[in-house]
Amino acid sequence: FFLLREGGRCGYIIMDPKPSLLIEKEWSWERERLLPDPSSNEKSRSGISVVGTFFNFAKASIGSGSFALPWAIRKCGIVIGAAGTVLLGLLSVYTMQLLIECKQFVSKDKELSPQERRAFNFTELGKRALGIPGKWAVNLSVVGCNLGVCAAYMIFISNNLRWAFTCFGSVCFTTWEIYAIVLPILILLTFLPSFRWLQYAAYIGSVFLIVAMLVVYVYGANNPFLPVVCSAVVYMPPSWEGVALWFGVTAFLFCVHSMVIPLESEMAEPRKMFFILDMACIVVIGLNLPFALYGYLLFGEQTKGYVFENLSGGTFNNVVRILLSVELILTFPIVFKPASDIMEEVCLSLATRINSSLTKKKSPKGLNEQTPKSLKQLAIMFVCKCILRTLLVLVSWGVAVGIPRFEICLALVGSLTATVLAFVLPPLFHIIIKWHHIGVIKKSFHIIILIFGIAATLLTTGVGLYSAIASPGGTTSCEEIFQYCTAKNEYPKVIDALCSKYGQ
């Protein structure tokens with residue numbers, strides 16, 4: 001969701017960190033639509049429709065992370081998992097509304113031009129609330145979240161392709177061999193100057209994700225719910241560690257706060273934003289929670305971190321795995337873009353300061369303004385950007401190699417960064433910006449949310465790090481993959497023998 005100023009054009013990007021959508025509009029060819037005449041009334045204002053905004057939010061919360069939810073329910077039990085998912089969803093919507101209230105309050109500032117009001121985002125809100133520390137609190141959280149999501153994507157892609165290629169070719173591929181194929185492709189995609197056409201991969205990916213969910217539902221319809229029959233389901237959390245891991249995965253699911261302010265600014269009818277958030281919350285919970293419970297009740301204690309790995313072999317299942325992987329490969333650079341933009345801005349600022357100190361003459365415009373550049377300067381800037389982006393991709397790859405378990409990576413990213421973006425920064429900014437305009441009860445409630453967010457961040461991050469260190473292994477053995485590839489999509493008929501698998 002960061003402003004871009006390069007190539008003589010100005011634009012913006014709205015970014016989804018879990019499964020992912022890009023909306024890019026350029027000033028040079030959509031000036032009137034992006035910044036209409038402020039004298040025009042709201043009825044004549046063009047922008048994103050209510051349906052389009054609703055789809056953006058719904059798509060942002062339904063993605064690869066949804067396939068880790070059954071495992072999260074297994075870790076914390078049905079009662080905490082179901083009730084907690086609803087409560088976290090409602091709390092996330094409330095903190096999104098706090099961001100909108102802050103944005104609307106700040107927009108009343110007469111010193112802001114119409115362009116500045118339309119370009120306002122989460123980072124600018126942090127700067128308004130806490131100055132430079134607030135800006136960097138948002139930026140660092142976004143960088144950590146997006147690079148963490150990219151790492152989770154790499155794990156997801158490598159696992160799916162490894163299973164599919166092994167089943168199709170009857171030759172076991174290692175994770176390193178898959179990374180050797182995929183990593184150069186991901187790096188080259190981040191070099192693209194524009195991701196305009198890649199945004200359609202997000203829409204196609206939504207279809208693939210829904211098909212994958214339907215595959216799990218169909219699998220359950222053709223087989224008995226053995227964990228329920230054998231009383232092998234957990235209703236209460238077996239350990240507090242499990243609750244912490246569930247919290248990280250679920251927080252990751254609902255953390256789309258970076259999209260809220262930019263989308264509200266581009267809506268044709270921004271007054272309906274609160275209604276859209278409420279409806280999107282209902283739909284997201286209505287789709288993800290039943291899927292999470294269904295997947296856990298279907299496989300019980302055998303539920304894996306990526307529930308699709310519980311399914312037996314079959315050509316259609318492997319095709320779905322490949323399609324999901326292709327979709328994530330195409331959306332990888334879109335998720336990667338905000339992190340690279342922030343780091344490029346930092347590097348450019350440092351280069352400007354170093355250049356100024358060496359020449360002992362500070363340029364009034366600086367290197368990052370729209371000053372004419374020679375072909376050599378543009379080439380050097382492009383090479384530097386490519387090197388930086390390559391290093392950032394390698395950082396994400398290092399996280400994926402160090403934490404090869406998809407569910408643990410999601411839980412850690414959700415605990416460390418998504419919780420800060422969802423439950424720490426919004427109430428903090430709202431308290432600071434609207435301190436003299438809210439009552440004591442609302443202040444107290446927001447302070448409680450803030451304390452909850454800080455405590456949850458510290459505790460769940462600690463548990464996530466411990467889990468990543470204590471159980472680093474995540475690669476499925478070749479024997480197990482071959483077993484699933486050749487298995488028939490049916491259970492043995494003798495229920496007593498089946499229940500013995502669960503120790504009953």
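1. Among contacts in the chain between residues at least 6 apart in sequence, 83% join residues at least 24 apart. The model under review is a predicted one. Its chain contains 19 helices and three strands, and of its 504 residues, 54% are buried.

2. The packing of α4 on α13 may be taken up at the outset. The two helices pack at an angle of about 160°, and their axes are 10 Å apart. Because angles over 145 degrees count in this way, α4 is roughly antiparallel to α13. The crossing of this pair is right-handed. From α4 the contact draws on Ile78, Gly81, Ala82, Thr85, Val86, Gly89, Leu90, Val93, Met96, Gln97, Ile100 and Glu101; on the α13 side it is met by Met273, Phe274, Leu277, Asp278, Cys281, Ile285, Leu289, Leu293, Tyr296 and Leu297. Divided by class, the contact of α4 with α13 comprises 16 nonpolar, four polar and two charged residues.

3. Glycine 89 deserves a separate remark. This residue sits in helix α4 (residues 78–107) and is among the residues of α4 that meet α13. Its relative accessible area is 1%, so glycine 89 is buried. Leaving aside residues up to four places away in sequence, glycine 89 touches Phe254, Cys281 and Ile285. Of these, Cys281 and Ile285 are listed among the α13 residues in the contact with α4.

4. Cysteine 255 is placed in the loop between α11 and α12 (260–266). With 4% relative accessibility, cysteine 255 counts as buried. The C-alpha atoms of glycine 89 and cysteine 255 are separated by 9.4 Å, although the two residues are 166 residues apart along the chain.

5. Helix α3 (residues 69–76) and helix α11 (residues 240–254) form another packing, in which the axes come within 7 Å and cross at roughly 150°. The two helices are therefore roughly antiparallel to each other, and α3 passes α11 in a left-handed crossing. On the α3 side the residues are Leu69, Trp71, Ala72, Lys75 and Cys76; they meet Gly242, Val243, Leu245, Trp246, Val249, Thr250 and Leu253 in α11. The classes represented in the contact of α3 with α11 are nine nonpolar, two polar and one charged residues.

6. Helix α14 (residues 315–359) packs against helix α15 (residues 375–402) at an angle of about 120°, with the axes 10 Å apart. That angle makes α14 oblique to α15. The crossing in which α14 passes α15 is right-handed. Phe332, Phe336, Lys337, Ala339, Ser340, Met343, Glu344 and Cys347 of α14 make the contact with Lys385, Leu388, Arg389, Leu392 and Val393 of α15. The residues of this contact divide into eight nonpolar, one polar and four charged.

7. The structure holds 21 aromatic pairs. In one of them, the rings of tryptophan 176 and tryptophan 397 have centres 6.0 Å apart and planes at 80°, so the pair is edge-to-face. Because tryptophan 176 belongs to helix α8 (residues 175–190) and tryptophan 397 to helix α15, the pair ties together parts that are 221 residues apart in sequence. Tryptophan 176 counts as exposed at 54% relative accessibility, whereas tryptophan 397, at 22%, counts as partly exposed.

8. Tyrosine 217 and tyrosine 294 form a tilted aromatic pair, 4.6 Å centre to centre with 50° between the planes. Tyrosine 217 lies in helix α9 (residues 199–221) and tyrosine 294 in helix α13 (residues 273–299), so this pair ties together parts that are 77 residues apart in sequence. Tyrosine 217 has 27% relative accessibility and counts as partly exposed; tyrosine 294 is buried, with a relative accessible area of 17%. Both tyrosines belong to a cluster in which ring pairs link Phe67, Phe156, Tyr217, Phe291, Tyr294, Tyr306, Phe308 and Phe406.

Methods. Residues are numbered from 1 along each chain as its sequence is written. This is a predicted model: local features need pLDDT of at least 70, side-chain atom pairs count only at pLDDT 80 or more; totals for chains, interfaces and linings use all residues. Side-chain values use heavy atoms; hydrogens and water are left out. Axes are lines fitted to C-alpha atoms, for helices over the stretch in contact, and angles run from 0 to 180 degrees between N-to-C directions. Helices (H or I, at least four residues) and strands (E, at least two) are DSSP runs, numbered from the N terminus. Angles under 35 degrees count as roughly parallel, over 145 as roughly antiparallel, 65 to 115 as roughly perpendicular and the rest as oblique. A crossing is left-handed if the near helix is turned anticlockwise from the far one by less than a right angle, and right-handed if clockwise. Contact means heavy atoms within 4.5 Å. Ala, Val, Leu, Ile, Met, Phe, Trp, Tyr, Cys and Pro count as nonpolar, Asp, Glu, Lys and Arg as charged, and the others, Gly among them, as polar. Rings of Phe, Tyr and Trp (its six-membered ring) pair if their centres lie within 6.5 Å; planes under 30 degrees apart count as stacked, over 60 as edge-to-face and the rest as tilted. Buried means under 20% relative accessible area, exposed over 50%, partly exposed in between (1.4 Å probe, protein chains only).
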